[in-house]
Amino acid sequence: MANNLETFKLFNIDYFDEINIGEINLSKEVLQKLDEKFLRDNKIVPFYEDEKIIKIFISNPTSLKIAEQFQYIFNKEIQIFGTDEENIIKILNNILEKKLEEEKTEIEVENITESGQYEIQDILEKANEVPIIKWVNSIIQKAIYKNASDIHIEPQEQKINVRLRIDGVLYEEEVLPKNFLQPIISRIKIMSKLDIAEQRLPQDGKIRIKSSDKEFDIRVSFLPTIFGERVVLRLLDKNQQFLAFEELGFLKEDLEIINKILSYKNGVVFITGPTGSGKTTTLYSFLMKLKNNKNNIITIEDPVEYQLNGISQMNVKPEINLTFAKGLRHILRQDPDIIMIGEVRDLETAEIAVRASLTGHLVFSTLHTNDAVSAITRLIDMGIPSYLIASSLRAVIAQRLIRKLCPYCKIKENNIYKSNGCEKCNNIGYKGRIGIFEILFIDDKIADLFHYNYYENKLKEYLISKNFKTLYLDGLKKVEMGITTREELLNVIY
């Protein structure tokens with residue numbers, strides 16, 4: 001503390017050991033413009049304003065130039081004060097809570113018309129129960145604030161459990177009285193443009209919202225249970241930036257193989273893994289890498305999760321018999337260079353994908369298998385001849401998502417990093433997720449195995465002889481690098 005005080009004295013900056021959270025005074029306009037990541041990364045936070053000035057705390061004098069940017073952002077004189085990092089975090093958490101409160105009633109719901117045009121409509125006035133409106137808005141805002149992917153509203157015999165899925169794990173957020181269920185369900189159905197009266201059958205809907213200058217698509221699923229309708233809301237950030245391959249989790253030794261796979265002009269590439277393992281995100285990153293003025297890229301998905309600029313995307317619609325197979329036939333008439341199929345579920349789709357690859361198209365798709373080798377067995381079980389697999393398959397990439405240790409509080413014991421927990425990770429010890437991968441690249445030797453009677457055991461023996469890196473081994477490297485823990489790896493793999 002003394003060192004901090006002396007350092008700030010050199011810069012003629014007043015330093016405060018202690019702060020009073022109650023003195024924080026920021027307007028709604030300032031709260032809306034604050035970027036949490038920017039503030040946390042630079043250990044800087046505004047804490048007071050009036051008509052002429054904004055007061056700002058910094059924890060390091062080297063942040064002076066950054067603090068001065070606030071003068072241009074808010075067009076006010078700035079006054080800079082020093083304090084330690086712990087105080088910065090306390091103030092930041094406090095003002096973010098205030099920001100959340102301000103935003104609770106400021107969700108704009110967009111009505112999606114059949115023409116595909118969006119007309120903003122304030123349907124919040126259509127519901128009479130103001131507390132219910134506020135609660136639904138509040139839980140959506142909490143999910144956005146905590147970077148949750150899903151909201152689960154689960155009726156029990158005497159209560160309602162409300163849980164948020166954060167980094168793949170469900171955490172209890174609230175417990176509500178059972179009599180809240182029907183108003184909440186009705187409110188969400190109104191927002192989703194669904195039939196309020198229908199309570200016996202499952203229903204799926206969609207909500208599009210704007211909050212704090214961000215747009216979200218929310219996929220809504222209702223399921224009737226013995227204790228009432230259960231609802232899950234999946235949040236999709238329309239402004240999501242697709243990550244570089246290193247940020248996805250590919251290690252340096254993998255990048256050469258990935259770039260070789262993406263250089264092919266034809267063939268099939270499968271991404272495998274269970275639901276929620278990040279397959280679509282990996283595929284989208286591949287497509288964005290391949291997007292240029294020379295490539296015609298078309299996708300068929302169920303449903304389209306994120307809209308990709310410069311890429312043509314279409315949804316399957318089983319209710320009008322627009323299946324993957326039927327849509328794929330029509331896509332081939334559009335002269336595509338690269339095709340992405342959301343999932344290969346049947347022989348017909350698999351056959352069209354394989355034959356498309358043999359006629360000069362690069363095809364990407366997904367399969368639900370536990371590892372890369374099992375994908376080949378799955379294709380053969382579907383009825384694809386092994387010689388066609390040998391001719392068309394370029395690679396199979398199996399993947400999972402694994403939680404990353406919080407970089408602010410992880411601790412090292414006996415050369416192994418462990419989770420701890422702090423304010424920045426909500427005392428969980430983990431923050432964010434990253435992929436672990438196994439990449440089965442189809443070389444000439446493997447292709448030769450397919451030309452004869454395919455045996456999974458022979459392929460596995462060959463891969464072992466080549467020191468094939470499995471999901472577990474890739475995860476183990478990330479444990480050694482301090483990215484995750486062995487406990488998390490075992491939990492995800494087994």
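Visitor: What makes D443 a cap of the N-terminal end of α15?

Guide: A side-chain oxygen of D443 lies 3.2 Å from the backbone nitrogen of K445, and a polar contact is a pair of N or O atoms within 3.5 Å, where within protein one atom must be able to donate a hydrogen and the other to accept it, and residues adjacent in sequence count only if both atoms are side-chain atoms. The distance of 3.2 Å is within that limit of 3.5 Å, and D443 therefore caps the N-terminal end of α15. Please keep in mind that this is a predicted model, in which local features need pLDDT of at least 70 and side-chain atom pairs count only at pLDDT 80 or more, whereas totals for chains, interfaces and linings use all residues. Residues are numbered from 1 along each chain as its sequence is written, and side-chain values use heavy atoms, with hydrogens and water left out.

Visitor: Which residues of helix α15 are buried, and how do you know that they are on the same side of α15?

Guide: Helix α15 covers residues 444-451, and its buried residues are I446, A447, L449 and F450. They span an arc of only 150° around the axis, which puts them on the same side of α15; the arc is that of the directions from the helix axis to the C-beta atoms. Helices here are DSSP runs of H or I with at least four residues, strands are runs of E with at least two, and both are numbered from the N terminus. The buried residues of α15 pack against α13 (372-382), α14 (386-392), β20 (430-441) and α16 (456-465), and contact means heavy atoms within 4.5 Å.

Visitor: Are R208 and D217 buried or exposed?

Guide: Buried means under 20% relative accessible area, exposed means over 50%, and partly exposed is in between (1.4 Å probe, protein chains only). R208 has 1% relative accessibility and counts as buried, and D217 is buried with 4%.

Visitor: What makes K469 and E253 a salt bridge, and where in the chain are they?

Guide: Their closest N and O atoms are 3.6 Å apart, which is within the limit of 4 Å, so the term applies. The pair links distant parts of the chain, with K469 in the loop between α16 and α17 (471-480) and E253 in helix α9 (residues 252-263), 216 residues apart. K469 is buried at 17%, whereas E253 counts as partly exposed at 39%. Both belong to a network of salt bridges that also links D254, D474, K477 and K478.

Visitor: What makes a set of residues a nonpolar core, and how many residues has the largest one?

Guide: A nonpolar core is a set of buried Ala, Val, Leu, Ile, Met, Phe, Trp, Tyr and Cys residues joined through side-chain atoms within 4.5 Å. The largest has 50 residues, and those with the most contacts inside it include F270, I341 and I446. Its largest share, six residues, comes from α13. Apart from it lies another core, of 30 residues, among them A148 and L164.

Conventions
Salt bridge = Lys/Arg side-chain N within 4 Å of Asp/Glu carboxyl O.
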